[in-house]
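Please read it alongside the sequence and the coordinates.

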Amino acid sequence: LNASMTLDPDFRIAPVHRRTFGSFVEHMGRAVYTGIYEPGHPAADADGFRRDVLDLIRELGVTLVRYPGGNFVSGYRWEDGVGPREHRPVRRDLAWHSTETNQFGLDEFVRWCRRAEVEPMMAVNLGTRGIAEALDLLEYANHPEGTALADQRVANGATEPHDIRLWCLGNELDGPWQVGHKTAREYGRLAAETARAMRMAQRDLELVACGSSGVAMPTFGSWEAEVLEETYDLVDYISLHAYYQEHDGDLRSFLGSVTEMDHFIDSVVATADAVGARLRDSKRIQLSFDEWNVWYQSHFHAQEPREDWPVAPRVIEDRYNLADAVVVGNMLISLLRHSDRVTAACQAQLVNVIAPIMTEPGGPAWRQTIFHPFARTAAAASGDVLRVEPVCPVQETARYGPVPVVDATATHDQANGAAAVFAVNRSTDEPVTLDIDLRGIRPERVTECRTLSGADPYAVNTAEDPERVAPRDNPDIRLQDGHLSVVLPPVSWTVVTLA
Ligand code: AHR
């Protein structure tokens, strides 16, 4: 098959936002305990943070980490996780039917963020709690000193304020599974009053209101509109969450998942702008896509509900294959091409729980297949995102109808002339030769052309064979007369960088 597209440095969508490469650590399963934190592990530092995991997180290129949930936050008392460890209470976590030891909390999280070189993104509990507890948390976290809660933080060893700028006003409160589930009006009012009070305490915060927990929610659309009617002038972002999986062996539809993701983003933009128009407000709400990934939710829902209350059990530790990695690479393409409105995003999650990084307690840490497109995209995308319009054949899918086989985006850095192209071939059986007209970009050479592909779309990485699925140099590339030609194998993700 043949495909073509044009790269024009004047067709700029928006800058590449570093917050696009965010991730998520929830108190859930083994994300925290035996994930990022495991005192006594041979690789643990003096704080119990696993250095092998920290190294992989830096390699992944994560910029922002959302914490502490997720569904967990809707029943969480942040105070349980600060102060001397021996006084911290052990609690039940209703969201994941687990026991929370609280041996890791806010102060540890912020210290860990500094070590991982990522920005913290904190969620407040608007499920079982409200304005007062959010204000207490903000005072503890960000007030310099001289007030009861700021002084408590100092006494707990954090002399400098945590300086957390980006805050989520609750999590997925549209979902009946959420502790403290609310109607859009109930949530919108609470989010508005919490946001107003938080801004009275600190003006320069960036606040995220909960959007729908998925495009398939029955309240999708009306939820966003009602929540934004209550919060429009008080928040900066509305959130989006989306998870995809292959259903019943339908690989073609799965590879086409971004069709729905694009539509989801465009619909939330349209809804937010419609509210802005009705309110005669020229402000533009940004989108925080703060949970996205491949997640085999059908496996999770097929399990019997838990009767016990384990500490850090193995929960949704999905093993990712090559096709999953191609879809993850495609989701990053979608996020980048929407950089005019999606200015923060968090892959859910970071370690062990539906994660690019896996660990064994007392054992190794290793990269899942989905690690690679994230790491290479975060490393190569710089400058501005360019608008590209691939011309290519389509592939019929049961879920989305005809889907173009090639999806792509590109970035160009005016500062140094570097460019990058990210492309997927979603055809299940045909290679595609992609011809790119480099109009206005005059690169001297191809600095990288790597492709994630293989004979078996279901190949996975394991602790024993962690590099089975990884990007390899793609020799089928030519740069000549202002044109780039690259062969994309079936079911593949490719990055090309030019200098
Ligand atoms: O990421 C796993 C869960 O998915 C989160 O806790 C919740 O917000 C979402 O439903």
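Helix H11 (residues 371–380) is mostly covered, with eight of its ten residues buried; a residue is called buried if 20 or more other C-beta atoms, placed from the backbone, lie within 10 Å of its own, and helices are DSSP runs of H or I of at least four residues, strands being E runs of at least two, numbered from the N terminus. This is a predicted model, in which local features need pLDDT of at least 70 and side-chain atom pairs count only at pLDDT 80 or more, while totals for chains, interfaces and linings use all residues. Residues are numbered from 1 along each chain as its sequence is written.

**Confidence**
- The chain averages a pLDDT of 98, and 100% of the residues score at least 70, where pLDDT is the predictor's confidence in each residue, from 0 to 100.
- The model scores ipTM 0.99 and pTM 0.98.

**Helices H11 and H2**
- The buried residues of H11 are Phe-371, His-372, Pro-373, Phe-374, Ala-375, Arg-376, Thr-377 and Ala-380.
- In helix H2 (residues 106–116), Leu-106, Glu-108, Phe-109, Val-110, Trp-112 and Ala-116 are buried, and the buried residues of H2 pack against H1, strand S4 (64–67), strand S7 (119–124) and helix H3 (131–142).
- Glu-117, which follows H2, has a positive phi near 60°.

**Gly-29**
- Gly-29 lies in the loop between strand S3 (22–24) and helix H1 (51–60), and Gly-29 is buried because 24 other C-beta atoms are found within 10 Å.
- The C-alpha atoms of Gly-29 and Ala-312 are separated by 4.6 Å, although the two residues are 283 residues apart along the chain.
- Not counting residues up to four places away in sequence, Gly-29 touches residues including Trp-96, Ala-312, Asn-352 and Val-353, contact being defined by C-beta atoms, placed from the backbone, within 7 Å.

**Ligand shell**
- Around the ligand are Glu-26, Gly-69, Gly-70, Asn-71, Asn-171, Glu-172, Ser-213, Glu-291, Ala-348 and Gln-349, each with its C-beta atom, placed from the backbone, within 6 Å of the molecule.

Methods
A residue is buried if 20 or more other C-beta atoms lie within 10 Å of its own, exposed if 12 or fewer, and partly exposed in between; C-beta atoms are placed from the backbone. Two residues are in contact if their C-beta atoms, placed from the backbone, lie within 7 Å.
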